[in-house]
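The sequence and the structure are shown first.

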Amino acid sequence: MIPAKYGQITFIFFVSICMSCVVSGVSVLNTAGFVDTFFELWMTAWLKSWIIAFPSLLVIAPIVRRFVDKLLIKE
């Protein structure tokens, strides 16, 4: 299994896979519709999206976490 110290990067890895898959699927569906090559178009778009999403989230997630921490009331 994966050591706990890699929890954040593991979380980002799986979230980036899921979100880029969903968003690219919706985008391809919106653009091309249910064509015979839908799955191939989707997987190509997903891979390209994920290549951008994963490193982007590595940079953006800590910034968003600090921003959210400032918004929350500490009890």
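## Basis and helix α1

The model is predicted. Helix α1 covers residues 7-32. Its 26 residues should span 38 Å at 1.5 Å a residue, and the end C-alpha atoms lie 37 Å apart, which agrees.

The buried residues of α1 are T10, I12, S16, S20, S24, G25 and V28. Helix α2, which comprises residues 38-71, is included in what covers these buried residues of α1. An α-helix has 3.6 residues a turn, so residues three or four places apart point the same way.

T10 is located in helix α1. Its relative accessibility is 18%, and T10 therefore counts as buried, since the term applies under 20%. A polar atom of the T10 side chain lies 2.7 Å from the backbone oxygen of Y6.

S20 also belongs to helix α1. With a relative accessible area of 6%, S20 is buried. The S20 side chain reaches the backbone oxygen of I17 at a distance of 3.3 Å. When its neighbours within four places in sequence are left aside, S20 is in contact with W46, S49, W50 and A53.

V15 and M19 illustrate another level of accessibility. V15 lies in helix α1 and is partly exposed, because its relative accessible area is 29%. M19 is likewise placed in helix α1, and its 48% relative accessibility makes it partly exposed.

M19 and S49 are 30 residues apart along the chain, and their C-alpha atoms are separated by 9.4 Å. S49 is also one of the residues in contact with S20. For V15 and F38, which are 23 residues apart along the chain, the C-alpha separation is 23 Å.

## From α1 to α2

Just after α1, G33 adopts a positive phi of about 75°. T37 is found in the loop between α1 and α2. The relative accessible area of T37 is 42%, so this residue is partly exposed.

The C-alpha atoms of T37 and A53 are separated by 24 Å, and the two residues are 16 residues apart along the chain. A53 is also among the residues that S20 contacts.

## Nonpolar surface patch

Which residues form the nonpolar patch on the surface? The patch consists of I2, Y6, I9, L58, V59, I60, I63, V64, F67, V68, L71 and L72. Together these residues have about 1100 Å² of accessible area. Helix α2 gives the most to the patch, with eight residues.

F67, one of the patch residues, lies in helix α2. At a relative accessible area of 51%, F67 is exposed, since the term applies over 50%.

How values were computed
Residues are numbered from 1 along each chain as its sequence is written. This is a predicted model: local features need pLDDT of at least 70, side-chain atom pairs count only at pLDDT 80 or more; totals for chains, interfaces and linings use all residues. Side-chain values use heavy atoms; hydrogens and water are left out. Helices (H or I, at least four residues) and strands (E, at least two) are DSSP runs, numbered from the N terminus. Buried means under 20% relative accessible area, exposed over 50%, partly exposed in between (1.4 Å probe, protein chains only). A polar contact is a pair of N or O atoms within 3.5 Å; within protein, one must be able to donate a hydrogen and the other to accept it, and residues adjacent in sequence count only if both atoms are side-chain atoms. Patches are made of residues with over 30% relative accessible area and no salt bridge: like charges are joined within 9 Å, nonpolar side chains (Val, Leu, Ile, Met, Phe, Trp, Tyr) within 5 Å. Accessible areas come from the Shrake-Rupley method with a 1.4 Å probe; for residues, only the protein chains shown count as cover. A salt bridge is a side-chain nitrogen of Lys or Arg within 4 Å of a carboxyl oxygen of Asp or Glu. The expected span of a helix is 1.5 Å times one less than its number of residues. Contact means heavy atoms within 4.5 Å.
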